[in-house]
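Please look first at the overall picture of the chain, and then let the text guide you to single residues and their partners.

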Amino acid sequence: MSVVESAAADLAACRRLLRAGSKSFYIASLLLPTAIRDPACALYAFCRLADDAVDVDGGGLHAVARLRDRLDRIYAGTPLPIAADRALTRVVHSHAIPRTLLDALIEGFEWDSTARAYETLSDIHAYAARVAGTVGAMMALLMGVREPEAIARACDLGTAMQLTNIARDVGEDARNGRLYLPRAWLSEVGIDPDAWLAAPVFDARLHSVIERLLREADRLYAQVDSGIARLPAGCRPGIMAARLLYAEIGHELRRRGGDSVSQRAIVPAGRKLALLMQAYSREPDPKAGAAAPAIPETRFLIDAVAAAALPVPAESATGEPVLPWWRFRDRAVWVLDLFERLEREERQAQASRRHAAVSASLSHRPA
């Protein structure tokens, strides 16, 4: 197999992995130019495998140590015979992605595996910087953008999206023994964090804490436009779509009274379509957030990018022109339809697994 054929096979394997296990990113990647989509798939495939190794498969700290060894090999140019590792090796060298970013991502996974306590908003920012701000920064590098101001806004967007995730998943995280709301905020409203974690319930006090976190996410979403405006034209709609869709999760949570303990906020399909249309028609404001300081907890990521050597010039990150929004309309509708179909398939698969588990339990019950 030639080098080109091997690279194509590795990318195909990464796409299959994401198609099966990371449907949201798989769909979002379809909105990106091909020249960005392929390295992004390689990056996300590695992240997906890393997250599963530490969390889903219960690998814990042993898995973290193995991930760091895999990174050693990737940056040495001698990856393990894993498609995602080989694909990521090509990406980190061709796009000059500093290892600090991937080390920080793995550190975030390590924090998950050790049930780290988060006392303040700064602690939450530090966590979000690692598990999401790093991804925002790396995506900017894939798009050929390296200016400190742009990287700061990319980290803002990743952090805001993670804060939205935290607000949406309060109940689910608690049932898994995890708490990502600032403990100090809970104490301020009269909630004992450990007692609440043992018996999570939603009330007006918790609502105020969740709303406070959503306001912080909103603040960050409001200042990312200047970063999106710095991206290549063909990349802006896809990133704007991610920004609008994630912010809408917070709006939907508010419509449901802020209760993310007994339910999970899901944006209706019609609203998703309207936001996709808006993403392709909306011009980002280059002044929005341009003067905002970087989140202190993301400064080390920005500095790492600034200190990294520039990539060797290769093909343009994207040569796609800006197109009128209606040229993207059919594509967006198709993407949304695929997204909804994949969600239905996943729900059906979950129902089948539950039915099989119940049947197995009944079959082993003594007469």
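This is a predicted model: local features need pLDDT of at least 70, side-chain atom pairs count only at pLDDT 80 or more; totals for chains, interfaces and linings use all residues.

Residues are numbered from 1 along each chain as its sequence is written, and side-chain values use heavy atoms, with hydrogens and water left out.

The protein chain contains 17 helices and zero strands, where helices (H or I, at least four residues) and strands (E, at least two) are DSSP runs numbered from the N terminus. The chain has 367 residues, and 49% of them count as buried; buried means under 20% relative accessible area, exposed means over 50%, and partly exposed lies in between, with a 1.4 Å probe and protein chains only. If one takes the contacts (heavy atoms within 4.5 Å) between residues at least 6 apart in sequence, 75% of them join residues at least 24 apart.

In soluble globular proteins, nonpolar side chains tend to be buried together. Here the largest nonpolar core has 98 residues, and those with the most contacts inside it are L102, L181, W196 and L206. Helix α7, residues 121–142, gives the largest share of this core, with 13 residues. A nonpolar core is defined as a set of buried Ala, Val, Leu, Ile, Met, Phe, Trp, Tyr and Cys residues joined through side-chain atoms within 4.5 Å. When residues up to four places away in sequence are not counted, L102 touches L43, F46, L71, Y75, L88, V92 and M138.

Charged side chains come next. The structure holds 29 salt bridges, a salt bridge being a side-chain nitrogen of Lys or Arg within 4 Å of a carboxyl oxygen of Asp or Glu. One of them joins the side chains of E110 and R68, at 2.9 Å from N to O. Because E110 lies in helix α6 and R68 in helix α4 (residues 60–76), this pair ties together parts that are 42 residues apart in sequence. E110 is partly exposed at 22% relative accessibility, and R68 is partly exposed at 30%.

A salt bridge also links E216 and R219, whose closest N and O atoms are 2.8 Å apart. These two residues are three apart in helix α12 (residues 204–221), a separation of about one helical turn. E216 is buried, with a relative accessible area of 11%, whereas R219 is partly exposed, with 41%. In the salt bridge between R282 and D225, the closest N and O atoms are 3.5 Å apart. R282 lies in the loop between α15 (269–281) and α16 (299–307) and D225 in helix α13 (residues 225–229), so the pair ties together parts that are 57 residues apart in sequence. Elsewhere, E248, E252, R255, R256 and R271 are linked in a network of salt bridges.

Which side chain of opposite charge is nearest to D112, a buried residue that has no salt bridge? That side chain is R178, 4.6 Å away, where Lys and Arg count as positive and Asp and Glu as negative, and His and the chain ends are not counted. D112 lies in helix α6, residues 99–113, and its side chain makes a polar contact of 2.6 Å with the side chain of Y180. A polar contact is a pair of N or O atoms within 3.5 Å; within protein, one must be able to donate a hydrogen and the other to accept it, and residues adjacent in sequence count only if both atoms are side-chain atoms.

Two helix residues complete the tour. T159 is in helix α8, residues 148–168, and is buried, with a relative accessible area of 0%. A polar atom of the T159 side chain lies 2.8 Å from the backbone oxygen of C155. Leaving aside neighbours within four places in sequence, T159 is in contact with several residues, including H125, A128, L220 and I295. L214 lies in helix α12 and counts as buried at 3% relative accessibility. L214 and T164 are 50 residues apart in sequence, and their C-alpha atoms are 6.5 Å apart in space.
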